[in-house]
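User: I would like to learn how to read cavities, sheets, helix contacts and pockets in a model. Please take them one at a time.

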Amino acid sequence: MGNHASVEGRPTRSSRRTFLTASAAATAAAVATPLTAATPAAATPAGGPPGPGRPARPQRPDRELTALLREIDRRRIEATVRRLAAFGTRHTLSSQTDPVRGIGAARDWIHAQLSGYAAASGGRMTVELQSYVQQPASRIPTPTTITNVVATLRGDVTPERVYVVTGHYDSRASDVMDAVSDAPGADDDASGVAVVMELARVLSTRRTEATIVLAAVAAEEQGLYGSAYLAGRLKAAGVDVQAMFSNDIVGSSTADDGTRDPRTVRLFAEGVPTAETPAEASVRQSVGGENDSPSRQLARFVRDVADNAATGMDVRVIYRRDRYLRGSDHISFLREGWPAGRFTEPNENFAHQHQDVRVVDGVQYGDLPQFCDFDYITRVARVNAATLWSLAQAPGTPRGVTVVTTNLTNDTTLRWQRGPEPDLAGYEVVWRETTAADWQRVLPVGDVTEVTVDLSKDNVFFGVRAVDRAGHRSPVAFPRPGS
């Protein structure tokens, strides 16, 4: 059963009063101190429902995160994009031995750069070339070596908990099988690789509680082969991947009609999980939760920690797995059952993606560095940094969260497993109207593993998140029906 708290709400004409039991109040205060103190019963807040708890608010960056964000260097990001484009083509089927042109030269340069960053980590960061031979398959006509370049920053406290971020370093021309023509791939996806490499640089000298994997993956354009191999390796090793992000086409703020949106990045996040089982689908159909997949909770977390003045960006969450007719490397992780999302620019110019470099009727085609906005890529890197740092320093997402459904009642009892983090302070229950996109109210409940809220589970959605002594919050876990 675990430690229990009760949160009781009593409706009146104008408000709903909330009372914590004496035992829960003491522990709730300990959790709430680094954040915002728990409030008594609340009337309807602006834009929120009446009921127990305080209004949900974003998590502000702490001093360490603010310093990290300042270190992200626009000049290094630009230099990385231009260097990768200068390899001429990085097509998966291009040369792996030419020292100046082709995917092999790009692979070796990325590996050398990441190894240099790892040298400053005091042994916490390791870098590997993760290779395998892909036998003939779709868009792979002959046996082809595919190599990911993977940097792993091992956590100091709970290293078994892992967060992954990728960009793909292969490129393509108009013909996806053309391994000879120039395919500079500046936006798609040197921009994403530049984000990953800059994150590796600034994180390499810092200690994190959890482990962060930063990978430049290959063969995305041929069919997500590199990321599928990376995800498969992690799955086979039993790694606890709690979040993954793909940065793919994050290089430009200008649309094909010339309009600019330099302060928005899209985050694609699926609803119904790709790997949902028939049994899980049956539960979802019974109680709801189409908008409460782990990937959607992850997207809410990103907005909570990275949509702010410190990053200079608005995170526009798109409730889809990816765009029409397109797919990126996060899908490889969704297929393994892990929460994942894809960062991409707000409005695309398709003349600068998957195009031969050429001029037609005075229009320049091709994915060239001149069409990148390096200030924009820098801000995308800050969104990634804020997200990964906040995940890696916070407790892990709560496990075993259930809503008790053994009896018909007008209150709600939630249960979960206590996390292993030594600096864990306790938990918060969040809730919202079923028609609301984001969590609206927060109830700090203390270091307990069970709580009863005087609010009907039939009428609202609940979630549970962990909080450490510094006030870092985990992503929310959505409960399953249980006893």
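Analyst: The lining of the largest cavity divides into two nonpolar, five polar and three charged residues. For these classes, Ala, Val, Leu, Ile, Met, Phe, Trp, Tyr, Cys and Pro count as nonpolar, Asp, Glu, Lys and Arg as charged, and the others, Gly among them, as polar. This is a predicted model, where local features need pLDDT of at least 70 and side-chain atom pairs count only at pLDDT 80 or more, while totals for chains, interfaces and linings use all residues. Residues are numbered from 1 along each chain as its sequence is written, and side-chain values use heavy atoms, with hydrogens and water left out.

User: What is a cavity, and which residues line the largest cavity?

Analyst: On a 1 Å grid over the protein atoms alone, a cavity is a set of points where a 1.4 Å probe fits but cannot get out; lining residues have an atom within 4 Å of a point. Grid points are joined across faces, edges and corners, and a volume is the space filled by probe spheres set on the points. The largest cavity is lined by Asp187, Ser252, Thr254, Glu345, Asn349, His352, Gln353, Asp367, Leu368 and Phe371. Its volume is about 60 Å³.

User: How many cavities of 30 Å³ or more does the count come to?

Analyst: Two. The second largest cavity has a volume of about 50 Å³, and its lining consists of Thr92, Gln96, Ile103, Arg107, Thr145, Ile146, Thr147, Tyr169 and Ala218. Four of these residues are nonpolar, four polar and one charged. Strand 5 gives the largest share of this lining, three residues. Helices (H or I, at least four residues) and strands (E, at least two) are DSSP runs, numbered from the N terminus.

User: What is the strand order in the open sheet of eight strands?

Analyst: Strands of a sheet pair through backbone hydrogen bonds, either parallel or antiparallel. Two strands count as paired if DSSP finds at least two bridges between them. Here the order is 4-5-7-6-8-11-9-10, with mixed pairing. Strand 4 (125-134) and strand 10 (314-318) stand at the edges with a single partner strand each, so one side of each has no neighbour in the sheet. From one strand to the next the twist averages 25°. Strand 6 (residues 161-168) and strand 8 (residues 240-247) run parallel and are joined by six bridges; Tyr163 stands opposite Ala243 in strand 8.

User: At what angle do helix 9 and helix 11 pack?

Analyst: Axes are lines fitted to C-alpha atoms, for helices over the stretch in contact, and angles run from 0 to 180 degrees between N-to-C directions. Helix 9 (residues 294-306) and helix 11 (residues 374-393) pack at about 110°, with their axes 9 Å apart. That makes helix 9 roughly perpendicular to helix 11 (under 35 degrees is roughly parallel, over 145 roughly antiparallel, 65 to 115 roughly perpendicular, the rest oblique). Contact means heavy atoms within 4.5 Å. Helix 9 contributes Leu298, Phe301, Val302, Val305 and Ala306, and helix 11 contributes Val383, Ala386, Thr387, Ser390 and Leu391. By class, that contact has eight nonpolar, two polar and no charged residues.

User: How much space lies in the largest pocket?

Analyst: A pocket is an open set with protein on both sides within 12 Å along at least five of seven lines. The largest pocket holds about 1,000 Å³ of space. Of the 36 residues that line the largest pocket, Ser293, Pro294, Gly337, Phe478 and Arg480 are the closest to its centre. The lining of the largest pocket has 18 nonpolar, ten polar and eight charged residues.
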